[in-house]
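Take a look at the chain shown below.

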Amino acid sequence: MTYLDREEAPHVAEAVEPVPGYVSIVTPCLNEELTVGEFVDWCHEGLERAGVEGEVVIVDSSTDRSAEIAEAHGARVLRFPKRGLGRAYIDAQPLLRGEWIIMGDCDLTYDFREIKPFVDQLAQGEEFVMGSRFRGYIEPGAMPRLHQFFGTPLTTWILNRMYRAGFSDIHCGMRAMTADALRRIDLQSQSWEYASEMVIKAAKLRLRTTEVPVRFYTDREGRESHHKREGWWSPWAAGWRNLSVMLLYAPDFFLVLPGLAMLVVGLLLSGALVGGPIRIGGLGLDLHSMLLGLALSLLGYGALQLGVLARVHYNFDARFSERMLATVTIGRGALVAAALMLSGLVLDSILLADWISNGFRLTSLSYFGVLGLLLIVLGFQTFTFTILLQMLGRRGASPRP
């Protein structure tokens, strides 16, 4: 049995080289002495049926006899303090020997005697293989009706729309990937949300992805699921964590596209009203409309910039990051910012001269003054965006291979 503390795993990350064609079945375990022994037996049977060599790795943080039972049935046990599902995979990842990694739960709800479809897909060149309960079999009572008919379909639909993916069951706990894919995914989530983070990053990294049907069974008599152990709120908390991860990795969906739309509409509205009020059919546009254009322009430009910074920070598309850092240099950003701010100051200086010459009173509405203010703020935003972008670049956004 291997005992490791949180800080030890990184030190051995380079010591374990994945063995070609070798399979590591890895699963977290927290007080599963009722099922873990039979689960390990299932895994060995699954490896034999698939015709591959491999290991069964139990990442254990139990207070019962789970670790002893798993080891007695032939598993390799890694002992870590209790930290959550995602943390278990993060800690175990540098210690896995297999070129192909299969993940799941050791509660006998997934049939690990049937890992051959996962192995076959990996052998054919797929990098990320998701199990799908909806395309396979769900034993009556195995999944709460709220999850089966509402929660899982809804969150799967949301993720597919946001990330242009095509999964049918993003919360399926049984999945497989290459060791290289797991390294590139660079899992960060500590708890239940690891499942969504993996799927999202597989889509963002454009990994070769497919699905295979799996069987999902009810809990064995006497076993209580972890959600039930933690309380009625646990499924809702897990759902929110998964949804929050979807928001976290979607700068294009929530920032870039809406920001670009607002910026275009705002600039068109502001530019059209520089010469004063206009009418389009029965619609009258005046200074209030121009102020709306100013607000849309500033909000859109800010959202667009934040989206670009997020994309460079995550660096899923190394070519995009490299292009942005090479194009938006400090020198160019400063020149554009200076041109915008200087133009704005010139326009507002006309307004200032009119104000002074009329006894510190404005005699008319100044559309040019509003445009000048817009240009000054856009110039300032451009300069700060350039600095922040280059800070990210100098900090070292290491491109993902």
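**Helix α1**

In helix α1, the buried residues are V36, G37, F39, V40, W42, C43, G46, L47 and A50. Keep in mind that this model is predicted.

- Helix α1 runs over residues 36-50, which makes 15 residues.
- From first C-alpha to last, α1 reaches 21 Å, close to the 21 Å expected at 1.5 Å a residue.
- The cover over its buried residues includes two strands, β2 (19-29) and β3 (54-60). It also includes two helices, α2 (66-72) and α4 (116-123).

**Nonpolar cores**

- In soluble globular proteins, nonpolar side chains tend to be buried together.
- The largest nonpolar core here has 79 residues, and I58, F112 and F128 touch the most other members.
- Helix α1 gives the most to this core: seven residues.
- Beyond residues up to four places away in sequence, F112 touches F39, W42, C43 and G46, among others. Its other contacts include I25, I102, M103 and M174.

**S189 in its loop**

- S189 sits in the loop between α6 (179-185) and α7 (194-204).
- Is S189 buried or exposed? S189 counts as buried because its relative accessibility is 8%, and the cut-off for buried is under 20%.
- The side chains of S189 and E197 are joined by a polar contact of 2.5 Å.
- Setting aside neighbours within four places in sequence, S189 is in contact with G86, R87, I90, Y194, E197 and V245.

Methods
Residues are numbered from 1 along each chain as its sequence is written. This is a predicted model: local features need pLDDT of at least 70, side-chain atom pairs count only at pLDDT 80 or more; totals for chains, interfaces and linings use all residues. Side-chain values use heavy atoms; hydrogens and water are left out. Helices (H or I, at least four residues) and strands (E, at least two) are DSSP runs, numbered from the N terminus. The expected span of a helix is 1.5 Å times one less than its number of residues. Buried means under 20% relative accessible area, exposed over 50%, partly exposed in between (1.4 Å probe, protein chains only). Contact means heavy atoms within 4.5 Å. A nonpolar core is a set of buried Ala, Val, Leu, Ile, Met, Phe, Trp, Tyr and Cys residues joined through side-chain atoms within 4.5 Å. A polar contact is a pair of N or O atoms within 3.5 Å; within protein, one must be able to donate a hydrogen and the other to accept it, and residues adjacent in sequence count only if both atoms are side-chain atoms.
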